[in-house]
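Here's a quick briefing to read alongside the coordinates. Have the viewer open and follow along.

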Amino acid sequence: MTVYLLCFVLFLVGLYGVLTKRDLIKIILSLTIMAYSANLFLILFAYRTDALYPILSKGVQPGQMVDPLPQAMVLTSIVIELGTTALLVALVVRIYQKYKTFDITKIRRLSG
Amino acid sequence: MKQQAGMTIIVKTVTRLMVWIMLVYGMYLILHGHLTPGGGFGGGVILALAFLCIFLAYGRTYTEEWLNIKLLHQAESAAILLFLVVGLLGVTAGGVFLTNFLYHGELFSLVSAGTIPILNILIGVKVGVSLFLAVWVLSDPHLLEEGGDM
């Protein structure tokens, strides 16, 4: 139970960063921390003590393995995070081109 | 000593030695993707990190000479196109998309699992090259000027 709570604390650390930081790069990093905590939570759900990784190898019965479904989901989620992070960084580069700053309090003008 | 682009000579020397080990390890993960943990994505990320080490240590100009960026763009597109071709060959072999049409082989041997190693290699190329190119494009100094285009 403690690990799940710690996972939630990690999520809150990310949320704190998103809500309070002014720098756009730090906001992206905080979003990544939130995503990591969600991934960690899913992996911890499938974790069992003394279980093996779910890959078929010599002398290993499927009953000894952990559930591979959350791991496959998390792998997909990591790939999607990679894509969204790249997209966010591209948007931030565009914002920097226009406003010459990463500070969100200074990005107010509508155009020009 | 003449100041050159990139980091200090210590970083450059270590990078020059380590990059080949990283590339070999990435290829190992890709080729053994159907037997051990790893596979196309993980191995491809390690390939991309090896390229990025060169990029960070030696700078942009040297990397442009060392790697053919245009060829990498073509390799990225070709990998996903070949993935589609393999998938459609599965359709022609009977069944649905990505049906295994090759010899299955013996369990736990390197040449086994039909089309899965081929698809792993294609995904590895795709992920490795596109991850490197994403950082490459986004770190273009020309981008920071007004009206700079990607």
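B:Glu76 sits in helix H4 (residues 69-92) of chain B, where helices are DSSP runs of H or I with at least four residues, strands are E runs of at least two, and both are numbered from the N terminus. This is a predicted model, with local features needing pLDDT of at least 70 and side-chain atom pairs counting only at pLDDT 80 or more, while totals for chains, interfaces and linings use all residues. Residues are numbered from 1 along each chain as its sequence is written, and chains are lettered from A and ligands numbered from 1 in the order in which they are written.

**Around B:Glu76**
- B:Glu76 counts as partly exposed because 19 other C-beta atoms lie within 10 Å; the cut-offs are 20 or more for buried, 12 or fewer for exposed and partly exposed in between, with C-beta atoms placed from the backbone.
- Leaving out residues up to four places away in sequence, B:Glu76 touches B:Lys126, B:Val129, B:Ser130 and B:Leu133; a contact means C-beta atoms, placed from the backbone, within 7 Å.
- B:Glu76 and B:Leu122 are 46 residues apart in sequence, yet their C-alpha atoms are 9.1 Å apart.

**The largest nonpolar core**
- This core has 23 residues, and B:Val45, B:Ala48, B:Phe51, B:Leu122 and B:Val127 touch the most other members; a nonpolar core is a set of buried Ala, Val, Leu, Ile, Met, Phe, Trp, Tyr and Cys residues joined through C-beta atoms within 7 Å.
- Helices H1 (9-31), H2 (40-58) and H5 (116-138) of chain B each supply at least two residues of this core.
- H2(B) gives the largest share, 11 residues.
- B:Val45 touches B:Val127 and B:Leu131, again not counting residues up to four places away in sequence.

**Chain B overall**
- Chain B has 5 helices and 0 strands, running α-α-α-α-α from the N terminus on.
- The radius of gyration of chain B is 19 Å, whereas a compact globule of 150 residues would be near 15 Å; this is taken over C-alpha atoms, and the globule rule is 2.2 Å times the number of residues to the power 0.38.
- Along the principal axes, the C-alpha atoms of chain B fill a box of roughly 65 × 35 × 20 Å.
- Of the 150 residues of chain B, 25% are buried.
- Among contacts in chain B with a separation of 6 or more, 62% link residues 24 or more positions apart.

**Where chain B meets chain A**
- 10 residues of chain B are in contact with 11 residues of chain A.
- The chain B side divides into 7 nonpolar, 2 polar and 1 charged; Ala, Val, Leu, Ile, Met, Phe, Trp, Tyr, Cys and Pro count as nonpolar, Asp, Glu, Lys and Arg as charged, and the others, Gly among them, as polar.

Notes: Contact = placed C-beta atoms within 7 Å.
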